[in-house]
Amino acid sequence: MTTNATPTSAAPTRRRGIEAARARQAIWLLLPTLIALAVVAGYPLYRTIFYSLYDANLTSPDQRTFLGLGNFWFTTDGVGTGFLQDPKWWTAVKNTLLFTVVSVFLETVFGMIIALVVNSAFRGRAFLRTAMLVPWAIPTVVSAQMWAYMYNDSFGLVGRGILGGQALLANTDTAIWALIAVDVWKTTSFMALLILAGLQSLPGDMYEAADMDGASKWTQFWRLTLPLLRPALLVALVFRSLDALRVFDIMYVMLGPVNAAQTSMTGYARQALIDNQLLGVGSAVAVAIFLIIMVIVVIYVTAFRVRFD
Amino acid sequence: MNLQKTNPALYYIQRVLFYLLVLVIAVYLLFPFLWAVLTSFRRAGDLFLPPLQFITAPSTLSNYTQVFANASFQRGLIFSLIVAVASVLISLLFGSFAAYALGRFRFRGKAMILYIILAVSVFPQIAVLGGLFTLVQATGLFNNPVALIFSYLIFTIPFTVWVLTSFVRDIPGELEEAALVDGASPLQTLFRVLFPVMMPALVTTGLLAFINAWNEYLFALTFTSSNRTVPVVIANYSGASQYDQPWGPIMAASIVVTVPLIILVLVFQRNIVSGLTAGAVKG
């Protein structure tokens, strides 16, 4: 440094100059991403919020009348026309929440079992590890069709073989459990992959110490593995819950548009928005779904102190 | 610890139970897919057969010939490929710029931008569906693959930025400093120095984003009428009447769109697991 003969007083300003230049360059590098996100996410979200306050039709969005919150709640002559007054919306909410809670719970339990099995040493481990990737790689629409075929009452292995010709998907009350089974099959292996990655980062010497102290495998799991896995597990749980809350493909493919509207919030919103062309009501439902999901994110982040860094 | 010596009987019971569990898991994970593969090779008339006879029934390729002769399926494959490749290439390009800035530069508002990108990735797609639809209509892009290419950026960009940023952070700083000392601009540094190092990460991220774009259903269903992608074609695959679901061809079409993904996933197995965990666990 001394041999470079740089005047010491000039160094800080030059460094600040470089830092400012770097900051400017960073903005330029980020610009394409920020513009793209503004176009595909920011602006459409603004339009959705905007139209949720108007009575508008999808075919002619420009002819609109201001309604305020009328799309959400409005009563004329004793008849409620807001979607919050529609029992079908609440059925969709109830079914989506049931779907989310049950399928995420089962995925976590099964995923944990599979991850623990794959994490232990045995012959065929590599094979099982590879097999885990198969359900995950299958497109959701394909897995929905595969299972619709298995549930079919005249051809299906489950519908005809096990249930003896019962049309499981015809009734939305039984269908929701059939749909949960599909989602659990499809995403358990994803959960298992994430948990396995967490397991493999755990320090092995702690288990050696626990073995020395004579702790059983069961105790080791509850006292060591689970607490250490907590951060990884929580992040996986958050992502899976948010995915399950916006579920659409499985319902729409397996039940059709009408019943999908009573089993998935997104299905209900899409029916209002696209099938019925009600841009205002559909946008209002979309805003409600957005708010529900944001509230759940906030609950997760504050209650469990999930950290993403 | 050494149960094998102290109590061999218990040891073998444990081993047998363990392998039974392994078997159950393997069957659970693979059986539905294998059953679909089997169905795709069976004649329509044999689908009624009880399981054992169904398994031993003669094989046929007729479902596959029928599917490949189907014009909307052919077009679907081409559209899916165009849409998925284009949106992945755009998001890899934009994403690597952003990841370079977020992983290597210091500036105000960086944490804020990271959180915005994370927020977009957990975004419910339905929240933008109406807004995007009016936008697609207004620009005359309805039924145009370009509409899908752009709308898919909503999930491919946040994902690529997030995963690539975590890779860029792990690249040793000396490489970049050497380039800067030689007077290279940030873009030169990115393309000449970082891209070669990032290649495995770009391939992994691109592959995962490709799978997501290939599988997307809601936007494809809503923004196109005749220029459908394969998930929409498969979901709408119909037979002679509404009540006659052609399960054989549906399964054949499903296998055709799934097998390339499974092969890609098996080839890039290691990278995929690391990419997924970088995207979800670290992310």
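Author: Buried means under 20% relative accessible area, exposed means over 50%, and partly exposed is in between, with a 1.4 Å probe and protein chains only. This is a predicted model, in which local features need pLDDT of at least 70, side-chain atom pairs count only at pLDDT 80 or more, and totals for chains, interfaces and linings use all residues. Residues are numbered from 1 along each chain as its sequence is written, chains are lettered from A and ligands numbered from 1 in the order in which they are written, and side-chain values use heavy atoms, without hydrogens and water.

Reader: Is B:Leu17 buried or exposed?

Author: B:Leu17 is exposed, at a relative accessible area of 53%. Its place is in helix H2 (residues 8-40) of chain B; helices are DSSP runs (H or I, at least four residues), numbered from the N terminus.

Reader: Turning to charges, how many salt bridges are there over all chains?

Author: The count comes to nine, a salt bridge being a side-chain nitrogen of Lys or Arg within 4 Å of a carboxyl oxygen of Asp or Glu.

Reader: Which residue does B:Glu176 form a salt bridge with?

Author: The partner of B:Glu176 is A:Arg22, and their closest N and O atoms are 3.4 Å apart. The pair joins two chains, because B:Glu176 lies in helix H9 (residues 173-181) of chain B and A:Arg22 in helix H1 (residues 10-51) of chain A. B:Glu176 is buried at 4% relative accessible area, and A:Arg22 also counts as buried, at 18%.

Reader: And what does A:Arg240 form a salt bridge with?

Author: One partner is A:Glu107, with the closest N and O atoms 2.8 Å apart. A:Arg240 lies in helix H9 (residues 217-245) of chain A and A:Glu107 in helix H2 (residues 87-119) of chain A, so this pair ties together parts 133 residues apart in sequence. A:Arg240 is buried, at 3%, and A:Glu107 is buried, at 0%. A:Arg240 also forms a salt bridge with A:Asp183, the closest N and O atoms being 3.0 Å apart. That pair links distant parts of the chain, with A:Asp183 in helix H7 (residues 172-200) of chain A, 57 residues from A:Arg240.

Reader: Which residues do the shared partners join into one network?

Author: The network consists of A:Glu107, A:Asp183, A:Arg240, A:Asp243 and A:Arg246.

Reader: Back to chain B: where does the kink in H10(B) lie?

Author: The kink, of about 65°, lies at B:Phe195, shortly before the proline B:Pro196. The bend at a residue is the angle between axes fitted to the seven residues ending there and the seven starting there.
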